[in-house]
Amino acid sequence: MANQAPKKAPWFRPLKWFAYRRSVPVEQRSYTKIYGVLAIMLFAFTVWAVLDEVLQRRPWKDIQADFKDFKISRLNIERKKEIGKIPADVRKSVRKELSSAKSALESDKFTSIASKMEDLDKDIAKAQRDYTFTKSTGDEVYYHLDEARIHHEDTVKLAKEYHELESEMAKENKIVIDLQTKRKSLEDQATPFQKRVKAAQQVYDSVFANVIAIDRKIEATDKMPIAIKQTLLFNYEKTNFNNLKMRVDRCESCHLSYADPLFKNDTLVSTDKGEIKTWLKNNKYNDEHYTVKTIGVKKDTTVAVVSALYRMHPNVDLFIKGHKVGEPTAPGVLGCTSCHQGQGPSVVSEEFAHGFEHHWEQPLLTGHYTQASCQNCHSGKFDFAGAQYISMGKKLFVDFGCYGCHSMPGMEDWRGQGPSLTNVSKKVTADWMFKWIKNPRGWSHNTRMPNFMFSDAEAQAVTAFIIDQSKASTYVPIAHNAGGGDVARGKQTFFDAGCVACHAIDEYQANSRVKEANGFGPDLNKEGSKVTADWLFDWLKNPKNYQAHSRMPSLRLTDQEASDLTAYVMSHTGSNDAVTTSFDGDLSEAKVKTGANLVRTYGCFGCHEINGMEKESKVSVSLATFGKKTPGELSYGDVDEKTLGGWRTKFEKAGLPLGHYDEHFTHEYQDWYTWTVGKMMNSRVYATDRLAQKMPNFQMSTEEAYALSIFLKSQTGMFVAPGYGDLASDPIQGNVDRGRAFIHWNNCTGCHKVEGAGGYVADAINTKFAGDQNIAYFPPPNLGTEGTRVQEGWLHQFLSGPFKIRPLVKMRMPTFGFSDVEISTATNYFLATHKRQLVMTSYEYPVNSSLVPYGKMLFDKLKCLSCHYVNGSGEAAAKAPDLSNVKKRMRPDWISRWLARPDSIMPGTPMTAFWWASGKPAPADPEILGGNIQMQIAAVKEYLHSIGNDANPQPTPYAVIGGSPKFILPNGDYEAALARMEVPDATTMLAKPASTTRAPAADVKKQSSLVTKKKQKLASN
Amino acid sequence: MGEAFHNFWLIVSKPDNIPIVLMMILISYYCWLAYSQARRNDRKGIQEAQEADKVQVWPYLVKIEFLATILVLIILTVWSITINAPLEEPANPTLTPNPSKAPWYFLGLQEMLVYFDPWIAGVMLPTFILVGLILIPYIDINPKGNGYYTFKERPFAISVFSIGFLILWVALIVLGTFMRGPGWYFFWPWEFWDTHRIVALTNVDFFDWIFGIPSKNIDGSFNLLQVGLGALLVGGFLVGVPMWIWKKYKTVSPILKEMGVWKFAGAAGLFMMMAGLPIKMFLRLAFNIKYVWVFGIGHDLFFNI
Amino acid sequence: MKYFFLLLVLALLSCSKKDQHDEQAATTGYQTISVTNGGSVHGKITLSTSQSPTPAIETQKDQSVCGVSHPNPALPGNGTGISGCIVYIEHIAQGKAFTKTQPVLDQHHCAFLPYVQAVPIGEKLVVTNSDDALHNYHILKGTETIVNEAQPEGAPPREVNLSTPGLLSIGCDVHPWMKGYVFVADNPYYAVTDTSGNFNLKDISPGDYTITIWRDNWNVEQVKDAEGRIESYKWAPDLIKKQQVHIEAGKAAELPISLP
């Protein structure tokens, strides 16, 4: 074997070939072929590398190219439409004239003229040259002549020569002029032709203006360079090492149509497939532009959704134009990833760009989870326009009192959500308490009190403790119910006094667990079986007697009203349907002790004031950065993948899609989103026999769970760079944030519209009396302009003790008994929403007496008294305010603006515009003050000031009990009550900036100046 | 099964691990090459092996090396086109990745951390490795096997080196790459890297395990008995064994004669230390032995083996 | 010659620009085409239930001008037919051109005249006040205020742009009982029934259409408070009815409708 030499073999039998080759002595082996092959391969692969770099890794190039064609085709549709709008005959004639005008230019007549002119031009040019040459020669000769003169040489010859040249010049000049006159005559013959073309062109341009505009767009689109498009956000974020750094968003390199109205209509829902087809066809959508799915129970509805790549961003005005920070540079200064997350700079592939890779820490937020980003910059907001879920989630977080157990930036020392339990044994029976603790929802279907899943024994113990700790209470009803309440009248009062704004009863059922509208206060549908009539009467008359810090205001009810209401509410009885066992009445020390321990473990004091537990600290973890937790940091207990997957699909079906997650190196469905919603729906779901869980069960609906998960997702502790968001360190923003919390805390939005949100009672009244003309009911005012409307001093007094403004209107502003801190919080807020800070101003000024009589004239002429009152006098059968204290109430500048154009300040106000006619300013009276609008308005203003009282009406007492008025502090009726319960002032929750994750004011300045510097630098480059 | 394969594939196909996979293939190939040639030579007899015809480096070898260069270039090109550079999350001083692994070529050292205190695994042993490698030419004075492959002629040297390189270096790298998951726990390649995994910690010290002699007294001071025993054991292992060999064979073995006492001492010391590692590993993996010898001076100088 | 042409073009331009309905067409989507041999629908609107007596509205202000009480303006037509119904076709894409009208709204004896009227979109409503009292015309669409301007006695006529299609209700905050309606049509197929309750829509291109009939309900409840002061005027909800109709070319469809 070994000694017989292998035979030569062809290359495609490598083994034999190799064997043979080895048998050849090294010196004789030839490497040329191998070298050749390798060389070629190396070359080929190098080429491949280049191609891969230029094409493969630049997908946005194709996208942009495709997009160009797509957009142009769309523009062409528009073009057709525009042309269609021009009447056919016009189109025809205009085109015809233009073409005929142009064709006239080809006629022999004109061409001959033109050619003649050409020849002439040549001649003229020649003649002019001759002239200039002669002239310059002349100059030269003259120079020599001059020289000769100076040096006393012979000048005769030169002089002669010069004169000849001069005459020569004259001749040639004449020729030029003759030729030019000839040309002029020819021009006269030509002008009519050109004039006509010009005119026709002008007409054409004006008629086809829109079409031409579109043509320009098409051209621009065609010329659009294929290049990376990016937004730079200077000093936008911080690295993990805490240095400011720039963020780059290149999303618009692919998402080119995000702000292009041409791509507005992006979905079509229809039961008719044909319709969808035609729609797609008409919009020139082809297969990769859209996805079609069928929805609906019967699967009979089809939805065509255009892919985000070819779609305009929804609500551009709000989300893009509305989010320009600093001086706007195109496109949206905030870029895309500020809200959507994802890997801004990456343009290699969809996956990378969207950050769906293992190690990218902020992958694209999908579904409604984009809303989580709102919270980063607007941490003080409660109502986010266009982002319902984050709004709901945030409110739920606050209203469920989550911050009572979990510490949360900005909510660290807010008061608990639940009622104080310090006097509770004086209010409810132990048995009711027991059943309630056992299963709150058995009593009220939408209570926010969670279910702690106590065993009977535990519930017994807790009840025992709660009752025991409030045994010492010295609470006694001060007001006494004379009785004689009438249920029907009570029902009416319930509406008239505005109870409906906070409480659910009868036809006013609360449908949400958000502490808002009539879901704010307790559901009263069973109240009769919970409390005693005496307690209720006292409570209605002066809530602060029972609970110093209750949010329940005094409605300044007369005894009659109060007893009517008591009768009405007490007539609503019911029982806790879910609990069959009842309290055993055992209050033994041991039992109380176990109860106390349970209360300590489960942290009831997080929401409720409990005697002797004021100093306890939060029982659970901080959620400040919960949104960033990784699956590895979350425990899934015994929940298997199938269940988790089930939840995902459940939410998918409910139209609440959970966020996209990265399957890489995690078990399926073990992702943040599923974990969170699972926990929300059943707080103990991840408990195992090893790992007990304390969190009570809020039994959230899918929507609640979804909304809350979105709010939690927003808890990233993200740093917001100065100039890129609401900085709590900015005093005005701070006031706004505190104010917003205050508004939500006190349910002002239950009655009033504030910052465009809320106003439920207002809406209720509007709908209830829609089309009617009623005087007794007037929707509570929209507080959007309060900060520019009333005087700060007046507002302070009004909030401390409201008084009637509209004599005939039944609904009343309640007395909340706000502390001064709270009142100034509110005042500051109303001012801050108009970018102003509280400066105590006196609006006193000497009335211009010369104007007053004219004011009076107008006042009478315009029948102001037919709607308004002055000191309660007037023929008015209308709901307009009493004008007697305008002087103290309104800001003078506002009065003028208001009179000039009421509906522009408060849309839909019954106050009519007197200086506004046929949609433009007009004098209310042509004669008075020469019909000068400003003067007339000023006159009325002055008059109103002249009749105004110098003093405001005295603040109404907090409550009148047994004929004696009761005021809140400092009058001291309630010092005793307050002393009983050592609890922090309600406003400590408002007394601090909303967020702690923000940069302090000092480096705000520094950094913002940095920002501007950088911007200038960029601009200069 | 599918799950298992999925997990296996996840690990093997991870861009970071591709070089390791290649390394396994290449090393096994070259070992096979070397050993098979050695076998052939040993069969033929050394004379023949030495007399096998030789050629000039220039141009014959250089030619081939040049071609090899081109080939490597090609491979690198294709590799860099088809597989993106594996990036990890942005560095974060407040968050260590789990598992946090050294670069692949240090995973062997990192693996040693499991069995020894950091200053031994991370400082002392690597130093000795370097020193040992440097000393080889001075210790190894045996001219045999130069310029040709052989095993028969120096079985000891070759097997020692092979074990040292293949087992204690390459194998440990492979282990560290494929089988060390979150928490540096041991995972079989087909197991899922579960961050929640829990492993029982039941390590005891050697003498505690064998005689029930605790390493420390209740008051935290060292148990002198244990210290003594440990000193005996370790000392005996590192010094006693070589001395015994020297005494027994210095007259018999020509090599020892040639080496002389100092060379022998150095070589033997290094060898025993090298042998120590697998022994300790075995004790740990098989019997959960934490330390063989627990001993320290003052509060910061510890000598736990 | 060419100057003549220019004039001609400008003329064409001017009329094409001036024509509001074409402009409206751009916004409302209604397109004017020439309907040849279109069909028509006509009918009489009657009241199925026996007509309830129409209470007079009690005035409590400016009685010198307004009188003590008002007959309810929404009088039923003579016979069984009801006047003041608005009949219109919804969602009709194209059809005949609008006929220009000059809508007027007068405030006379504290009442709006005419009480109900229908006008094509884009027209200007001329509002006059022939009372010796101050009025304000507060025009609402649903609950949303469109215009709210005061018109003292002797003030010159005012103009209101009717640019939002649909039913507008007019009230006066000074005289809460005053009430009127303007229906702004975004297509020319609308009618207000005459005193005997008849209507007729012509030149409709053949096809199936929904015809909507709207009628203000004339029952008003005047709620008084303790002092006998009228607290609110409650009007019963409007009557609305929709009916399908099939239009054939050149034929006149009969569509008798009875409310409610």
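In what order do the elements of chain B run from the N terminus on? Select chain B and follow the trace: the order is α-α-α-α-α-α-α-α-α-α-β-β, that is, ten helices and two strands. Helices (H or I, at least four residues) and strands (E, at least two) are DSSP runs, numbered from the N terminus.

The model is a predicted one, in which local features need pLDDT of at least 70 and side-chain atom pairs count only at pLDDT 80 or more, while totals for chains, interfaces and linings use all residues. Residues are numbered from 1 along each chain as its sequence is written, chains are lettered from A in the order in which they are written, and side-chain values use heavy atoms, with hydrogens and water left out.

**Stop 1: chain B**

With chain B still selected, its C-alpha trace spans about 75 × 60 × 35 Å along the principal axes. Of its 305 residues, 31% are buried; buried means under 20% relative accessible area, exposed over 50%, and partly exposed in between (1.4 Å probe, protein chains only). Among contacts in chain B with a separation of 6 or more, 63% link residues 24 or more positions apart, a contact being heavy atoms within 4.5 Å.

**Stop 2: chain A against chain B**

Now show chain A beside chain B. The contact takes 27 residues from chain A and 29 residues from chain B. About 2700 Å² is buried between these two chains, 74% of it from carbon and sulfur atoms; buried area is the accessible area (1.4 Å probe) that two parts lose on being put together, summed over both. Four residue pairs are in polar contact between chain A and chain B (both at pLDDT 80 or more). A polar contact is a pair of N or O atoms within 3.5 Å; within protein, one must be able to donate a hydrogen and the other to accept it, and residues adjacent in sequence count only if both atoms are side-chain atoms. The number of salt bridges between chain A and chain B is zero, where a salt bridge is a side-chain nitrogen of Lys or Arg within 4 Å of a carboxyl oxygen of Asp or Glu.

**Stop 3: chain A against chain C**

Chain B and chain C do not touch, and their nearest C-alpha atoms are 53 Å apart. Of the two pairs of chains in contact, chains A and C share the most contacts. Here 43 residues of chain A meet 36 residues of chain C, and the buried area is about 3200 Å², with carbon and sulfur atoms giving 61%. Select Gln773(A), Lys863(A) and Ser918(A): in chain A they lose the most area to chain C, together 18% of what that side buries. Lys863(A) also forms a salt bridge with Glu153(C), the closest N and O atoms being 3.8 Å apart. Ten residue pairs are in polar contact across the interface of chain A and chain C (both at pLDDT 80 or more).

**Stop 4: the nonpolar cores**

A nonpolar core is a set of buried Ala, Val, Leu, Ile, Met, Phe, Trp, Tyr and Cys residues joined through side-chain atoms within 4.5 Å. The largest has 79 residues, and those with the most contacts inside it include Leu862(A), Trp915(A), Tyr137(C) and Leu162(C). Helix H34 (residues 933-947) of chain A gives the most to this core, with six residues.

**Stop 5: a sheet in chain C**

Select the strands E8-E7-E10-E13 of chain C, which form an open sheet in that order with mixed pairing. Two strands pair if DSSP finds at least two bridges between them. The edge strands, each pairing on one side only, are E8 (112-113) and E13 (158-161) of chain C. Strand E10 (residues 124-129) of chain C pairs with E13(C) in the antiparallel sense over four bridges, and Val126(C) has Glu159(C) as its bridge partner in E13(C).

**Stop 6: a hairpin in chain A**

Finally, select strand E1 (residues 231-238) of chain A, where six of the eight residues are buried. Five bridges join E1(A) to the antiparallel strand E2 (residues 244-249) of chain A, and Thr231(A) stands opposite Asp249(A). The two strands form a hairpin with five residues between them, and Asn242(A) in the turn has a positive phi of about 70°.
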